[in-house]
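Subject: Structure handover

Hello,

Here is the structure I promised to pass on. My notes follow below it.

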Amino acid sequence: MRVVGQNDKSHRNGSVVERGRRGYRAAGRSRVRGGIAVLAVAAIASGCAPAGDGGSEAGRPTASRQPLKAPPPAATAAPDTGAANTKSPHAKGPHTKGPQPKKFQSPRAAHAARVAAARRWRLASVPLAPPPPPARKPAITTRDGFEVDGHEELGLPPVFTTVPTKQKVVFLTIDDGAEKDPAFLRMMSDLQVPYTAFLSDYLIKEDYGYFKRMQANGVVLNNHTLHHPYLPALSYPRQRREICGMQQVIEERYGKRPLLFRPPFGNYDRNTLRAAKYCGIEYVPLWNEEVFVDHWDYREWDRRIRPGDIVLTHFRGREDWKGTMPDMIRRFLNKVTAEGYAVARLEDYL
């Protein structure tokens with residue numbers, strides 16, 4: 001089977017399974033370690049990245065897509081509990097509205113508040129305000145080399161790393177839900193920086209309320225499976241349980257059934273995308289860059305940010321990184337702002 005995958009460098013101190021067995025902070029906060037499969041295409045030297053197809057031909061990695069070694073399925077696959085609901089979804093609510101700007105009596109007051117927030121969070125400069133969402137949404141298609149057999153014929157969700165736009169915007173996405181730092185929520189609300197979350201139930205269930213507060217600030221909560229398994233190692237029914245089960249959790253806990261899904265480690269095959277479509281998923285955004293607390297990783301050979309790029313990071317703290325989530329956000333904002341980019345809301349372009 002042809003698998004499209006990426007390397008995950010975001011979790012450096014042990015696998016999710018090992019951390020789960022030992023107990024992570026006694027509540028199940030786990031990290032995912034990555035060196036995952038690319039038997040076909042696409043590799044970014046980055047965190048939880050693109051995934052695969054369900055064909056049979058072997059992929060040919062290009063110069064900017066390095067081949068990676070697949071882990072043994074038994075070490076990464078989640079147990080098949082059979083508990084998740086796999087019924088096809090019916091209701092697909094609209095995207096949650098984005099963060100609402102704080103109201104001030106004058107533009108001068110609003111600017112002063114932004115300056116004060118940037119100073120409070122020790123940013124090098126005030127983050128740029130994003131342009132209004134486009135009246136006509138760009139056409140989203142699967143990136144070349146990320147297709148699976150029958151992708152178009154089956155009407156499978158597009159897999160993409162960049163949104164086609166000429167606007168100097170990037171999109172921040174954050175995966176899994178392991179770290180639940182209240183300071184991060186305060187920082188993002190204070191600075192009015194939009195982002196999109198992709199969540200796994202086994203990591204968020206210890207504190208669903210944290211992500212409810214996140215949602216109240218306008219963040220859309222999306223699907224990253226129930227247990228964060230290496231999906232190509234699972235059968236179609238088990239992949240469907242992982243994806244549809246997380247759809248159900250988010251709908252029941254947060255009232256919205258996600259339209260976006262990111263496969264764990266970025267690895268997928270045709271069955272993954274078939275299951276995602278069955279569960280109501282319309283888009284599979286991956287990423288072009290990944291930001292950590294102490295460095296950036298890039299997909300492209302020239303290591304440059306481009307308009308419309310999706311940036312990945314993870315919910316991580318000092319136990320996993322050399323700093324906190326606010327430290328990571330500071331690094332992210334300082335770079336994109338210095339290069340003239342604003343942070344926009346991904347759902348506004350889909």
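Start with helix α9: its buried residues (under 20% relative accessible area, 1.4 Å probe, protein chains only) pack against β2 (169-176), α4 (182-191), β6 (289-291), β7 (296-298), β8 (310-314) and β9 (342-344). Helices (H or I, at least four residues) and strands (E, at least two) are DSSP runs, numbered from the N terminus.

This is a predicted model: local features need pLDDT of at least 70, side-chain atom pairs count only at pLDDT 80 or more, and totals for chains, interfaces and linings use all residues. Residues are numbered from 1 along each chain as its sequence is written, and side-chain values use heavy atoms, with hydrogens and water left out.

More on α9. The helix covers residues 325-338. Of its 14 residues, 10 are buried, so α9 is largely enclosed by the rest of the structure. Among the buried ones are Met325, Ile329, Phe332 and Leu333. Glycine 340 follows α9, with a positive phi near 85°.

Now the salt bridges (a side-chain nitrogen of Lys or Arg within 4 Å of a carboxyl oxygen of Asp or Glu). The structure holds 11. One joins aspartate 327 and arginine 330, at 2.8 Å, N to O. These two sit 3 residues apart in α9, about one helical turn. Arginine 330 is buried, at 11% relative accessibility. Another salt bridge pairs arginine 257 with glutamate 251, at 2.7 Å, N to O. Arginine 257 is buried, at 11%.

Best wishes

Key: Expected span 1.5 Å × (residues − 1). Buried < 20%, exposed > 50% of the residue type's maximum accessible area, 1.4 Å probe, protein only. Contact = heavy atoms within 4.5 Å.
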